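I'll talk through a few residues and what sits around them.

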Amino acid sequence: MLARFMMVCLLAVGFVAGQGVKNENLRWKINGVRRMAYTFDPNFPQQARQSVLSGIQRWNQVLGDCLPLQPRQANDRDYITVFNGGGCFSMIGKVGGSQSLSLGVNGCLHRGTVIHEFLHAAGLIHTQKRPDRDNFITMHWGNIVENWKSQFTKESSNYIGKYSEYDLYSIMHYTTRHPSWSINNRPGFTPKNPNVDQRRIGTGNDFAQSDVQAIRRMYRCPERKFRPISNSNNRKQGDDERRPILCSNK
Ligand SMILES: [Zn+2]
(Lines give C-alpha, C1' and ligand atoms only; values in the text may rest on other atoms or scores of the structure.)
Protein backbone atom coordinates (compact mmCIF):
# COMPACT_ATOMS: atom_id res chain seq x y z
CA MET A 1 0.00 0.00 0.00
CA LEU A 2 2.75 2.38 0.99
CA ALA A 3 4.80 1.43 -2.09
CA ARG A 4 1.81 2.11 -4.30
CA PHE A 5 1.26 5.46 -2.63
CA MET A 6 4.88 6.46 -3.11
CA MET A 7 4.70 5.60 -6.76
CA VAL A 8 1.56 7.60 -7.30
CA CYS A 9 3.14 10.47 -5.44
CA LEU A 10 6.23 10.35 -7.63
CA LEU A 11 4.07 10.29 -10.71
CA ALA A 12 2.04 13.20 -9.47
CA VAL A 13 5.13 15.24 -8.71
CA GLY A 14 6.70 14.30 -12.03
CA PHE A 15 3.58 15.35 -13.81
CA VAL A 16 3.64 18.86 -12.57
CA ALA A 17 6.54 20.96 -13.00
CA GLY A 18 5.74 29.15 -11.22
CA GLN A 19 4.11 27.22 -8.38
CA GLY A 20 0.72 25.92 -9.36
CA VAL A 21 -0.42 23.12 -11.62
CA LYS A 22 -1.64 24.17 -15.04
CA ASN A 23 -3.58 20.98 -15.65
CA GLU A 24 -7.21 21.70 -14.79
CA ASN A 25 -7.77 18.02 -14.01
CA LEU A 26 -5.44 18.35 -11.04
CA ARG A 27 -7.55 21.15 -9.55
CA TRP A 28 -10.32 20.43 -7.09
CA LYS A 29 -13.90 20.23 -8.08
CA ILE A 30 -16.21 17.64 -6.57
CA ASN A 31 -19.47 16.92 -8.32
CA GLY A 32 -19.00 20.17 -10.18
CA VAL A 33 -18.41 22.30 -7.08
CA ARG A 34 -15.10 23.97 -6.25
CA ARG A 35 -14.21 22.43 -2.90
CA MET A 36 -11.86 19.97 -1.22
CA ALA A 37 -12.95 17.08 0.98
CA TYR A 38 -10.99 15.37 3.72
CA THR A 39 -11.33 12.54 6.14
CA PHE A 40 -9.10 11.09 8.84
CA ASP A 41 -7.60 7.66 8.55
CA PRO A 42 -9.25 5.58 11.32
CA ASN A 43 -5.83 5.12 12.92
CA PHE A 44 -5.13 8.84 13.11
CA PRO A 45 -4.96 9.56 16.85
CA GLN A 46 -8.00 11.34 18.24
CA GLN A 47 -5.96 13.75 20.33
CA ALA A 48 -4.00 14.89 17.26
CA ARG A 49 -7.12 15.70 15.22
CA GLN A 50 -7.79 18.97 16.99
CA SER A 51 -4.49 20.42 15.78
CA VAL A 52 -5.29 19.47 12.22
CA LEU A 53 -8.80 20.86 12.56
CA SER A 54 -7.50 24.20 13.78
CA GLY A 55 -5.32 24.41 10.65
CA ILE A 56 -8.38 23.56 8.55
CA GLN A 57 -10.37 26.21 10.40
CA ARG A 58 -7.75 28.79 9.44
CA TRP A 59 -7.87 27.54 5.84
CA ASN A 60 -11.61 28.10 5.71
CA GLN A 61 -11.32 31.52 7.30
CA VAL A 62 -9.00 32.58 4.48
CA LEU A 63 -10.20 30.50 1.53
CA GLY A 64 -13.66 29.29 2.55
CA ASP A 65 -15.34 31.40 -0.13
CA CYS A 66 -13.00 30.08 -2.80
CA LEU A 67 -11.89 26.53 -2.08
CA PRO A 68 -13.46 25.31 1.17
CA LEU A 69 -11.97 22.31 2.92
CA GLN A 70 -14.85 20.19 4.13
CA PRO A 71 -15.39 16.82 5.81
CA ARG A 72 -16.00 14.16 3.20
CA GLN A 73 -19.64 13.46 2.42
CA ALA A 74 -20.84 10.03 1.40
CA ASN A 75 -21.04 10.80 -2.31
CA ASP A 76 -17.67 12.56 -2.57
CA ARG A 77 -15.64 10.38 -4.88
CA ASP A 78 -12.46 12.43 -4.55
CA TYR A 79 -11.10 13.20 -1.11
CA ILE A 80 -7.98 13.52 1.03
CA THR A 81 -7.24 10.98 3.72
CA VAL A 82 -5.11 12.45 6.51
CA PHE A 83 -2.91 9.75 7.99
CA ASN A 84 -0.07 9.46 10.45
CA GLY A 85 2.76 8.73 8.01
CA GLY A 86 6.44 8.93 8.73
CA GLY A 87 6.67 12.65 8.11
CA CYS A 88 4.81 15.48 6.41
CA PHE A 89 3.99 15.05 2.73
CA SER A 90 1.21 15.23 0.16
CA MET A 91 0.38 14.67 -3.47
CA ILE A 92 0.35 17.74 -5.72
CA GLY A 93 -3.19 18.58 -6.78
CA LYS A 94 -6.23 16.33 -6.99
CA VAL A 95 -5.24 12.85 -7.97
CA GLY A 96 -8.69 11.25 -7.98
CA GLY A 97 -10.34 8.90 -5.49
CA SER A 98 -8.79 8.80 -2.05
CA GLN A 99 -5.41 10.49 -1.87
CA SER A 100 -3.15 10.37 1.15
CA LEU A 101 -1.81 13.36 3.01
CA SER A 102 0.61 12.56 5.80
CA LEU A 103 0.72 14.61 8.98
CA GLY A 104 3.00 12.62 11.26
CA VAL A 105 1.96 13.27 14.83
CA ASN A 106 5.59 13.84 15.75
CA GLY A 107 6.37 17.11 14.05
CA CYS A 108 3.64 17.83 11.51
CA LEU A 109 0.81 19.17 13.66
CA HIS A 110 1.73 22.85 13.65
CA ARG A 111 -0.69 25.11 11.88
CA GLY A 112 1.90 26.14 9.28
CA THR A 113 2.60 22.56 8.33
CA VAL A 114 -1.08 21.62 8.11
CA ILE A 115 -1.74 24.57 5.77
CA HIS A 116 1.42 23.77 3.78
CA GLU A 117 0.36 20.19 3.06
CA PHE A 118 -3.18 21.13 2.06
CA LEU A 119 -1.70 23.77 -0.28
CA HIS A 120 0.21 20.95 -1.99
CA ALA A 121 -3.01 18.99 -2.30
CA ALA A 122 -4.65 22.08 -3.81
CA GLY A 123 -1.91 22.17 -6.46
CA LEU A 124 1.05 24.23 -5.23
CA ILE A 125 4.66 23.03 -5.41
CA HIS A 126 7.57 24.08 -3.22
CA THR A 127 8.56 27.67 -4.02
CA GLN A 128 12.23 26.77 -4.52
CA LYS A 129 11.18 24.43 -7.35
CA ARG A 130 9.60 27.22 -9.39
CA PRO A 131 11.01 27.58 -12.90
CA ASP A 132 11.97 31.22 -12.12
CA ARG A 133 13.73 30.57 -8.80
CA ASP A 134 17.26 31.31 -10.07
CA ASN A 135 16.33 34.98 -10.26
CA PHE A 136 15.73 35.00 -6.50
CA ILE A 137 18.02 32.46 -4.86
CA THR A 138 21.53 31.14 -5.44
CA MET A 139 21.78 27.38 -5.02
CA HIS A 140 24.63 25.75 -3.10
CA TRP A 141 24.32 22.17 -4.27
CA GLY A 142 27.42 21.08 -2.40
CA ASN A 143 25.67 21.78 0.91
CA ILE A 144 22.70 19.49 0.24
CA VAL A 145 22.54 15.79 1.09
CA GLU A 146 22.40 13.75 -2.11
CA ASN A 147 18.97 12.19 -1.77
CA TRP A 148 17.37 15.54 -0.92
CA LYS A 149 18.62 17.28 -4.04
CA SER A 150 15.44 16.41 -5.93
CA GLN A 151 13.57 18.76 -3.57
CA PHE A 152 15.51 21.61 -5.16
CA THR A 153 15.27 20.74 -8.86
CA LYS A 154 13.28 23.18 -10.93
CA GLU A 155 9.96 22.15 -12.40
CA SER A 156 9.14 22.90 -16.01
CA SER A 157 6.99 25.84 -16.98
CA ASN A 158 5.16 23.42 -19.29
CA TYR A 159 3.36 22.10 -16.23
CA ILE A 160 3.59 24.87 -13.69
CA GLY A 161 1.95 28.25 -14.09
CA LYS A 162 2.79 31.47 -12.31
CA TYR A 163 -0.05 32.60 -10.10
CA SER A 164 1.81 35.00 -7.83
CA GLU A 165 5.26 36.57 -7.65
CA TYR A 166 8.18 34.64 -6.20
CA ASP A 167 7.96 35.07 -2.44
CA LEU A 168 10.75 33.94 -0.12
CA TYR A 169 8.28 34.21 2.75
CA SER A 170 5.75 31.89 1.14
CA ILE A 171 4.69 29.08 3.44
CA MET A 172 5.69 26.76 0.55
CA HIS A 173 9.37 27.78 0.60
CA TYR A 174 12.01 25.59 2.21
CA THR A 175 14.22 26.95 4.98
CA THR A 176 17.76 27.90 3.97
CA ARG A 177 19.08 24.99 6.01
CA HIS A 178 17.77 22.03 7.97
CA PRO A 179 19.41 19.23 9.98
CA SER A 180 17.74 16.66 7.70
CA TRP A 181 19.34 17.83 4.50
CA SER A 182 22.07 20.45 5.06
CA ILE A 183 25.65 19.26 5.19
CA ASN A 184 27.33 20.69 8.31
CA ASN A 185 24.40 23.06 8.74
CA ARG A 186 25.48 25.05 5.72
CA PRO A 187 22.77 26.78 3.63
CA GLY A 188 21.35 25.00 0.60
CA PHE A 189 20.66 28.36 -0.97
CA THR A 190 20.92 32.06 -0.22
CA PRO A 191 18.51 34.79 -1.25
CA LYS A 192 19.84 37.21 -3.87
CA ASN A 193 18.19 40.13 -2.09
CA PRO A 194 20.43 40.94 0.91
CA ASN A 195 17.51 42.58 2.74
CA VAL A 196 15.59 39.36 3.15
CA ASP A 197 15.25 38.15 6.75
CA GLN A 198 16.52 34.59 6.46
CA ARG A 199 14.88 33.53 9.73
CA ARG A 200 11.50 34.08 8.15
CA ILE A 201 12.12 31.76 5.23
CA GLY A 202 10.28 28.47 5.63
CA THR A 203 9.20 29.07 9.21
CA GLY A 204 5.79 30.66 8.84
CA ASN A 205 2.76 29.46 10.74
CA ASP A 206 0.17 31.04 8.50
CA PHE A 207 -0.47 31.68 4.82
CA ALA A 208 1.59 34.38 3.14
CA GLN A 209 -0.36 36.81 0.98
CA SER A 210 1.30 35.26 -2.08
CA ASP A 211 -0.01 31.78 -1.18
CA VAL A 212 -3.57 33.04 -0.90
CA GLN A 213 -3.24 34.95 -4.17
CA ALA A 214 -1.88 31.88 -5.94
CA ILE A 215 -4.87 29.73 -4.94
CA ARG A 216 -7.37 32.48 -5.75
CA ARG A 217 -5.89 32.95 -9.21
CA MET A 218 -5.51 29.26 -9.97
CA TYR A 219 -9.10 28.65 -8.98
CA ARG A 220 -10.38 31.86 -10.53
CA CYS A 221 -11.80 33.24 -7.30
CA PRO A 222 -12.21 36.95 -6.63
CA GLU A 223 -9.22 38.50 -4.92
CA ARG A 224 -9.84 39.46 -1.33
CA LYS A 225 -7.97 41.39 1.28
CA PHE A 226 -6.02 38.96 3.41
CA ARG A 227 -5.40 39.59 7.08
CA PRO A 228 -2.48 37.56 8.44
CA ILE A 229 -2.57 36.20 11.95
CA SER A 230 -0.61 38.59 14.14
CA ASN A 231 1.93 36.03 15.37
CA SER A 232 2.50 34.64 11.92
CA ASN A 233 4.94 34.57 9.09
CA ASN A 234 4.67 38.30 8.83
CA ARG A 235 5.68 38.96 12.37
CA LYS A 236 9.18 40.17 13.06
CA GLN A 237 9.39 39.29 16.72
CA GLY A 238 8.78 36.14 18.69
CA ASP A 239 11.27 34.00 16.83
CA ASP A 240 10.93 31.40 19.56
CA GLU A 241 7.72 30.28 17.92
CA ARG A 242 9.28 29.83 14.55
CA ARG A 243 9.50 26.22 13.46
CA PRO A 244 11.05 25.08 10.24
CA ILE A 245 8.57 23.23 8.08
CA LEU A 246 10.10 20.01 6.81
CA CYS A 247 8.09 18.42 4.05
CA SER A 248 9.39 15.94 1.56
CA ASN A 249 7.30 14.90 -1.36
CA LYS A 250 9.14 11.79 -2.40
ZN1 LIG B 1 5.96 20.57 1.08
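So, to start: which helix does His 120 lie in? His 120 is in α3, residues 111–122; helices here are DSSP runs of H or I, at least four residues, strands are runs of E, at least two, and both are numbered from the N terminus. Before I go on, this is a predicted model, where local features need pLDDT of at least 70, side-chain atom pairs count only at pLDDT 80 or more, and totals for chains, interfaces and linings use all residues. Residue numbers run from 1 along each chain as its sequence is written.

Why start there? UniProt, in an unreviewed entry, lists His 116, His 120 and His 126 under "binding site". Positions follow the numbering used here, feature names are shortened, and annotations may be inferred rather than shown by experiment.

His 120 is buried because it has 22 other C-beta atoms within 10 Å; the cut-offs are 20 or more for buried, 12 or fewer for exposed, and partly exposed in between, with C-betas placed from the backbone. Setting aside residues up to four places away in sequence, His 120 touches Ser 90, Met 91, Ile 92 and Asn 249, contact being backbone-placed C-betas within 7 Å.

His 126 sits in the loop between α3 and β7 (137–139). That one is buried too, with 23 C-beta neighbours inside 10 Å. Beyond four places in sequence, His 126 touches Gln 151, Met 172 and Tyr 174.

Last one: Trp 28, in the loop between β1 and β2.

Technical notes
Contact = placed C-beta atoms within 7 Å.
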